[in-house]
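Here are my notes on the model, in numbered points. Please read them with the structure open.

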Amino acid sequence: MDQESIVYGCIQDTLYSSSGEDAQVHRDTNRNVLMSLPSIEDWPLLSREMFSMPVPCTDLFQMQTDVMHFGSSYKAVEHEWDQWIARFEEMLKGMYWVSATVHLETELNGRHTFTWEAEDSYHEPNNEALSVRCEWSRESALG
């Protein structure tokens, strides 16, 4: 039996910025980046179908954060994890965001959590500065 890996998480963006940018600019930019990803039919590591964009509320004053969630199952993606992370970071570079979290669950290597946080109040598209933190945990059937 092949080992299955599950990848899921979310990207958060603020709807209000100190520079006065409109929330719709952030949403449109982020939606364009996600829609430019290849289709799952092409078997890419990241596909547009694995992402969900938030639906704008009629009353934006009640919302302060957009949450774009994603998830997919893979056949042992940990063997290609460096490539997956590189593609995810390349995608993040073109987006507006405050933080991004990726959870990787593997059968053999346990659970990993990767977190990116904007160095300023939010990340602007094409800003090259990205920093990632990784936490690892492993559940054991022994005990």
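**Notes on the model**

1. Start with Tyr 8. Tyr 8 is partly exposed, at a relative accessible area of 32%. The cut-offs are: buried under 20% relative accessible area, exposed over 50%, partly exposed in between, with a 1.4 Å probe and protein chains only.

2. Basis. This is a predicted model, in which local features need pLDDT of at least 70 and side-chain atom pairs count only at pLDDT 80 or more, while totals for chains, interfaces and linings use all residues. Residues are numbered from 1 along each chain as its sequence is written, and side-chain values use heavy atoms, with hydrogens and water left out.

3. Overall layout. The protein chain holds 2 helices and 6 strands. Their order from the N terminus is β-α-β-β-α-β-β-β. Helices (H or I, at least four residues) and strands (E, at least two) are DSSP runs, numbered from the N terminus. The chain has 143 residues, and 42% of them count as buried. Among contacts with a separation of 6 or more, 65% come from residues 24 or more positions apart. Contact here means heavy atoms within 4.5 Å.

4. Surroundings of Tyr 8. Tyr 8 belongs to strand 1 (residues 4–14). Leaving aside residues up to four places away in sequence, Tyr 8 touches Phe 70, Gly 71, Thr 101, Val 102, His 103 and Glu 105. Take Val 102: 94 residues separate it from Tyr 8 in sequence, yet the C-alpha to C-alpha distance is 5.8 Å. With Glu 105, the side chain of Tyr 8 makes a polar contact, side chain to side chain, at 2.9 Å. A polar contact is a pair of N or O atoms within 3.5 Å; within protein, one must be able to donate a hydrogen and the other to accept it, and residues adjacent in sequence count only if both atoms are side-chain atoms.

5. Salt bridges. How many salt bridges does a search of the whole structure find? The search finds 2. The criterion is a side-chain nitrogen of Lys or Arg within 4 Å of a carboxyl oxygen of Asp or Glu. One joins the side chains of Glu 105 and Arg 111, at 3.7 Å, N to O. Glu 105 is partly exposed at 21% relative accessible area. Arg 111 is partly exposed too, at 37%.

6. The Asp 66 pair. Asp 66 and Arg 27 meet through their side chains in a salt bridge of 2.8 Å, N to O. Asp 66 lies in strand 3 (residues 65–75) and Arg 27 in helix 1 (residues 23–35), so the pair ties together parts that are 39 residues apart in sequence. Asp 66 is buried, with a relative accessible area of 3%. Arg 27 is buried as well, also at 3%. Beyond four places in sequence, Asp 66 touches Ile 11, Gln 12, Asp 13, Leu 15, Arg 27 and Pro 54.

7. Largest pocket. Its space is about 230 Å³. The lining includes Ile 40, Trp 43, Pro 44, Ser 72, Tyr 74, Lys 75 and Glu 80. By class, the lining has 6 nonpolar, 3 polar and 2 charged residues. On a 1 Å grid over the protein atoms alone, a pocket is an open set of points where a 1.4 Å probe fits, with protein on both sides within 12 Å along at least five of seven lines; lining residues have an atom within 4 Å of a point. The volume is the space filled by probe spheres set on the points.

Conventions:
Nonpolar A, V, L, I, M, F, W, Y, C, P; charged D, E, K, R; others polar.
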